[in-house]
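Please keep the sequence and the model in view while reading.

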Amino acid sequence: MKRKKTFPYVVLTLTSIFLLIPFIATLVYSFTVGWTKLLPAGWTLKYWGQAFTEPNLWPAILRGVLISIPPILICNVVVILALYTSVVYYPKLEKYIQAICMVPNSLKGVIIAIPVLALYAGTPTIFSNRMVMLVCIYSISILPFVYQGIRNNLHGINVTQLLEAAEILGAGKLYAFVRIVLPSMLSGILVSSLLALSTVFGDFAIIKIIAGNKFETVQMLLYNSRVIVLQYQCVIVIIMFTATLVISQAVFKFQNKKRG
Amino acid sequence: MPGLAAIGRHRMKTKYKIKNLWTMVPLLILAALFIFLPILSMIKQSFMMPETGTFTLNNYKTIFTDSVYRVATENSLYLSFLSTIIGLILSFLIAYSINELGQKGQGRILSLLNMVSNFAGLPLYFSFVVILGNTGIFVLALKAIGIELATVFKLYSMQGLMLMFVYFQLPLGSLMLVPAFQAIQPAWKEAAELMEASTFKFWTKIGIPVMLPSLLDTFALLFANAITAYATVLLLVTTSIPLLPVKITTMFTGEMTPQREMGSTLAIWMIVIMLAVICGCNLLKKLLYKGGSGS
């Protein structure tokens, strides 16, 4: 009996150590003057100061947030329109919508960005604009999250019955949708939008391929800082990680609230 | 007159149907313009001769014969398959262990896994440079006490890539497998125990077969994740170990003139590999499911 219980603890302790080492090392290293012996040579806050006074850091973070807003809006609108109709009127079409929305789960990053770049770059269409391209590709790559969130929500609130009830009470279709269905979907939309935000924030492949240095997000800032001292990069890594952590904590909170 | 009312309702429904179909259009347009058209055009380009633009199969032949492309394919396949298999086995053990814990312990380890699953790409690369790079703290600390880590492990090599890939596979794999373990009823274990089946026998005969669909799904997801990984590998081994995503990208965005045709061929080739693995997993799942219900 005792042997049975020790095994999980050993596995999980080793896993936790393995998973935490890179993270803790990065955090500690960002405070060191240098670390060439068994222990660090000394401690400093210099690199943290340097990062926070770096004129490019905050604009880069802001750019990351800004570029994620249009795709989140586009994707939510497009998915809500398609899914709402299919759930209410055409349940049979739902599996096709799912199939389309799940494509970016496997075709992601490089293989979503490269074909789009190859097709539209240099053409006279509006899609040759790198910002438009970026927004459209992000709209595609967040499809699975947005789809999942909205689907769960639509099924969770039992939309058909809600509509019937609204109709019996004399509400029109549009009124029922805007005043009843949409508000009850808000928390779901928020959760999937936050997940989408963290995807866009964590993306490097697409931004590097499509925008290069023309649109410096934190990921690009980190990439371009690869020649500066390592401590400085550590600070940026920690800042980025903290930002993602805040987002995922928010998601967690909203999801639990919904359940409770 | 219930019949007339029904006809009326039916008419109203068809009217709704036509009126409402437009709501599907934006999604279709978005997907067509940014998934299907680009990939179709890429397929077309992959069959075109550079410069002349006539139809050819030579590009595909080049992928299998030219060592530059063959090595990239082999590296990508080796790295993705091995890291997926290692990741899956370890994730299985981790998810099993999580399932054995109490609720409090489960919550703690799950939030750790959730947190670490965000840690990928460039940040992950820099963290590994901090601990295991040429001047990494482990490397130098070990040197200070007289151990040369470089003789057994180098970050800037296939080993380093493998370690980082397994690192980002673990949280994803375990998070996907935890629900599968929860689906295994304690009553089955008790029943197996009553029939004097050993723990090992329970897992090989009941547990793993029941979980096989989840294991196959996880395998496909981890593989797709590994073969498309770009940020993690870009700075680590761009020139010494060619890999498909980096190779493809440089053929379109590099400083040299873009090689559209060969680049397209290589990109389609990578998509084919990935789809083959995903479809293979799905097919296997179907076959096993049928076999299981038939016997």
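In chain A, 72% of the contacts between residues at least 6 apart in sequence join residues at least 24 apart; two residues are in contact if their C-beta atoms, placed from the backbone, lie within 7 Å. This is a predicted model, in which local features need pLDDT of at least 70 and side-chain atom pairs count only at pLDDT 80 or more, while totals for chains, interfaces and linings use all residues. Residues are numbered from 1 along each chain as its sequence is written, and chains are lettered from A and ligands numbered from 1 in the order in which they are written.

**Confidence**

- The predictor assigns the complex an ipTM of 0.87 and a pTM of 0.88.
- For chain B the average pLDDT is 86, and 91% of the residues score at least 70; pLDDT is the predictor's confidence in each residue, from 0 to 100.

**Chain A**

- Chain A contains twelve helices and two strands; helices (H or I, at least four residues) and strands (E, at least two) are DSSP runs, numbered from the N terminus.
- Along the sequence, the elements of chain A follow the order α-β-β-α-α-α-α-α-α-α-α-α-α-α.
- The radius of gyration of chain A is 23 Å, whereas a compact globule of 260 residues would have one near 18 Å; the radius is taken over C-alpha atoms, and the globule rule is 2.2 Å times the number of residues to the power 0.38.
- The C-alpha trace of chain A spans about 75 × 70 × 30 Å along its principal axes.
- Of the 260 residues in chain A, 40% are buried; a residue is buried if 20 or more other C-beta atoms lie within 10 Å of its own, exposed if 12 or fewer, and partly exposed in between, with C-beta atoms placed from the backbone.

**Chain B: overall form**

- Chain B has 13 helices and zero strands.
- The radius of gyration of chain B is 26 Å, well over the 19 Å that the globule rule gives for 295 residues, so chain B is more spread out than a compact globule.
- A box of roughly 95 × 75 × 35 Å, taken along the principal axes, is filled by the C-alpha atoms of chain B.
- Buried residues account for 37% of the 295 residues in chain B.
- Of the contacts in chain B with a separation of 6 or more, 72% are between residues 24 or more positions apart.

**Chain B: domains**

- Chain B is divided into domain 1 (1-46) and domain 2 (61-294); these bounds come from an automatic or database domain assignment.
- The centres of the two domains of chain B, taken over C-alpha atoms, are separated by 38 Å.
- Four residues of domain 1 of chain B are in contact with six residues of domain 2 of chain B.
- On the side of domain 1 of chain B that touches domain 2, two residues are nonpolar, two are polar and none is charged; Ala, Val, Leu, Ile, Met, Phe, Trp, Tyr, Cys and Pro count as nonpolar, Asp, Glu, Lys and Arg as charged, and the others, Gly among them, as polar.

**Chain B: local features**

- Helix 12 of chain B is largely enclosed by the rest of the structure, because eight of its ten residues are buried.
- The buried residues of helix 12 of chain B include Leu244(B), Ile248(B), Met251(B) and Phe252(B).
- Val237(B) lies in the loop between helix 11 (231-234) and helix 12 (244-253) of chain B, and counts as partly exposed because it has 18 C-beta neighbours inside 10 Å.
- Apart from its neighbours within four places in sequence, Val237(B) is in contact with Tyr156(B) and Leu161(B).
- Glu148(B) lies in the loop between helix 7 (137-144) and helix 8 (158-182) of chain B, and counts as exposed because it has 9 C-beta neighbours inside 10 Å.

**Interface between chains A and B**

- In the contact between the chains, 61 residues of chain A meet 62 residues of chain B.
- Helix 1 of chain A gives the most to the side of chain A that touches chain B, with 13 residues.
- That side of chain A has 44 nonpolar, 14 polar and three charged residues.

**Nonpolar core**

- The largest nonpolar core has 143 residues, of which Val79(A), Ala113(A), Ile114(A) and Ile137(A) touch the most other members; a nonpolar core is a set of buried Ala, Val, Leu, Ile, Met, Phe, Trp, Tyr and Cys residues joined through C-beta atoms within 7 Å.
- This core draws at least three residues from each of domain 1 (1-46) and domain 2 (61-294) of chain B.
- Beyond its neighbours within four places in sequence, Ala113(A) is in contact with Ile137(A), Ala205(A), Ile206(A), Ile209(A) and Ile210(A).
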